[in-house]
Amino acid sequence: MDSFLQQVVNAVSLGAIYSLFALGYALVFSILGVLNLAHSAVFMTGAFVGLLLVDKLHQPLWIAAPLAMIAAGFVSILLEFVAFRPLRQRGAARMSQLISSIGAALLIVNLAQLAFKPLWGGTEAYFPQGLVPDQPIVIEALSLRIVPIRMIILVIALALVIALQYLVMRTRIGQQMRAVAFNQRTAALLGINVGRVYVLTFFLAGLLGGAAGLLYGLVFLNVTPFIGDDVALVGLTAIVLGGLGSINGALVGGFLVAAIQTFSIAIGGSNYKNAVVFGLLFVLLLARPQGLFGQSESTRA
Amino acid sequence: MALLEVSDLWVSYGMIAALRSVSFKLEEGQVVTLIGANGAGKSTTLNTLSGLLRASAGSIRFNGVEMIGRRPDRIAAMGMVQVPEGRQVIANMSVAENLTAGAHVRRDGRTDEELAAIYARFPRLNERRTQKAGLLSGGEQQMLAVGRALMMQPTLLMMDEPSMGLAPLLVKDVFRIIAEIKERGISILLVEQNARQALAIADYAYVLERGKVVAEGTAAELSNNPAILAAYLG
């Protein structure tokens, strides 16, 4: 077993990815009041497009990464137009929008499967070795091995989160997002184009989800059409834990879930990691049904 | 040409007709009030004017332009601004952020001047500009909702029950503010259950009953109508 400190380092970088991913759920939920269950497919899109650009089109990572994020952002916007908006305009129940998003997720994953076959001859593909520096930084005194990519992830994730906070709390468009989150009728009376705010929210959620997917692919190097499944439940757990629709809640929830997973693997083996996560979620919800940050309205966007 | 001309407006919720051939008009600079009991269709009328509800028939002409079918944000940007029932200040935003939330629709670019004027008129809002709007009292929230609407440079201000839930002293304040807004040349469409106060300030009034206009006239005419007196001013 690795040292405690080593586990912390691992948990923090995994948590950064989970948080980025969970933020996408939280953003959309805060604005629409609906869970976008196709967000895991957006995550996969980020990894898929990143891999495609690097492996097949031989682009450097600094070009591939932003393009992958933007592609994921557009897939996310497409979800709004195809899976959510038509139902919302017909006054459909939130449950049917949820189901519609599940359908969209399956469709996107299937399309990715179709694309994987000719591109990589199966459903599994790998980022080239050495794409990111993989020589671990060893700190003997602390018996710590840190793979550089894990530090890079942390920095990128933090930068994105700070940018998002700035956007939501300090800009005109963020103010409009918060107004729509408060009440879309009131926002419309204030001259805010609610439909445009929805589209922008889906785009932001997609950027973050796509970044999370790409980083996840870079850490584990392999990408499949199904990598969204790895994080779908984890992300949901993170936002329920943190409080639905709360940005800070999604952040803390993501790190918390990663920590619980990492330590339960270290202690009990990987078979129990999800059982432990969901067990703790259950206990927490009994004590605090609104989640950790469920009441801090000011952080909703 | 009237500033606002509503003719033969029909609105329904599913199978139930909420407005049945409602017609009324408002001349520039006037205060016109819609009075009537709960459920008579007053708020439905305002929300249809604002584009939140869809009319099934009729027309809404504002400055001669048909407004039916336009998005609520476009309607607000064209100068038809609503102060909604229950104020609807954005609880988790600061007072200052609430005031500027709709200011992007101003056409004259005088946002800063208007903000300064609002803070001067409502010193309580100035004192509390960094506080969350949800922490304000009901009266202060009403001032904030009115200020927020003025920031949007309305040509026609539509107010839905501005005196609702306020203590009598504050109700007087609200009507004083309405008079001041009228002084500035802004036309006002006022929906009120407090018919006596509304008639006292209005140039013209319409009485709604179960989705229909059943009476209309100047405030003086309606105040002398025994049926109206009994039903709404009793």
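A salt bridge is counted here when a side-chain nitrogen of Lys or Arg lies within 4 Å of a carboxyl oxygen of Asp or Glu. Across the interface of chain B and chain A the rule finds one such bridge: the side chains of Arg178(A) and Glu97(B) meet at 2.5 Å, N to O.

This is a predicted model, in which local features need pLDDT of at least 70 and side-chain atom pairs count only at pLDDT 80 or more, while totals for chains, interfaces and linings use all residues. Residues are numbered from 1 along each chain as its sequence is written, chains are lettered from A in the order in which they are written, and side-chain values use heavy atoms, with hydrogens and water left out.

**The interface**

Let us stay with the two chains. In contact (heavy atoms within 4.5 Å) are 24 residues of chain B and 18 residues of chain A. The area buried between them is about 1,900 Å², with carbon and sulfur atoms giving 58%; buried area is the accessible area (1.4 Å probe) that two parts lose on being put together, summed over both. Leu52(B), Asn92(B) and His104(B) supply 28% of the area that chain B buries against chain A, more than any other three residues.

**The pocket and the cavity**

On a 1 Å grid over the protein atoms alone, a cavity is a set of points where a 1.4 Å probe fits but cannot get out, and a pocket is an open set with protein on both sides within 12 Å along at least five of seven lines; lining residues have an atom within 4 Å of a point. A volume is the space filled by probe spheres set on the points, which are joined across faces, edges and corners.

| Space | Volume |
|---|---|
| Largest pocket | About 910 Å³ |
| Largest cavity | About 60 Å³ |

The largest pocket has 25 lining residues, and Gln89(A), Gln184(A), Gly51(B), Leu52(B) and Pro72(B) lie nearest its centre. Helices H3 (61-89), H7 (184-189) and H8 (194-220) of chain A and helix H2 (72-77) of chain B each give two or more residues to this lining; helices (H or I, at least four residues) and strands (E, at least two) are DSSP runs, numbered from the N terminus.

The count comes to one cavity of 30 Å³ or more. Residues of both chains line the largest cavity, among them Thr186(A), Leu189(A), Val81(B) and Arg148(B). H7 of chain A, together with strand S6 (80-83) and helix H6 (138-150) of chain B, are the elements giving two or more residues to this lining.
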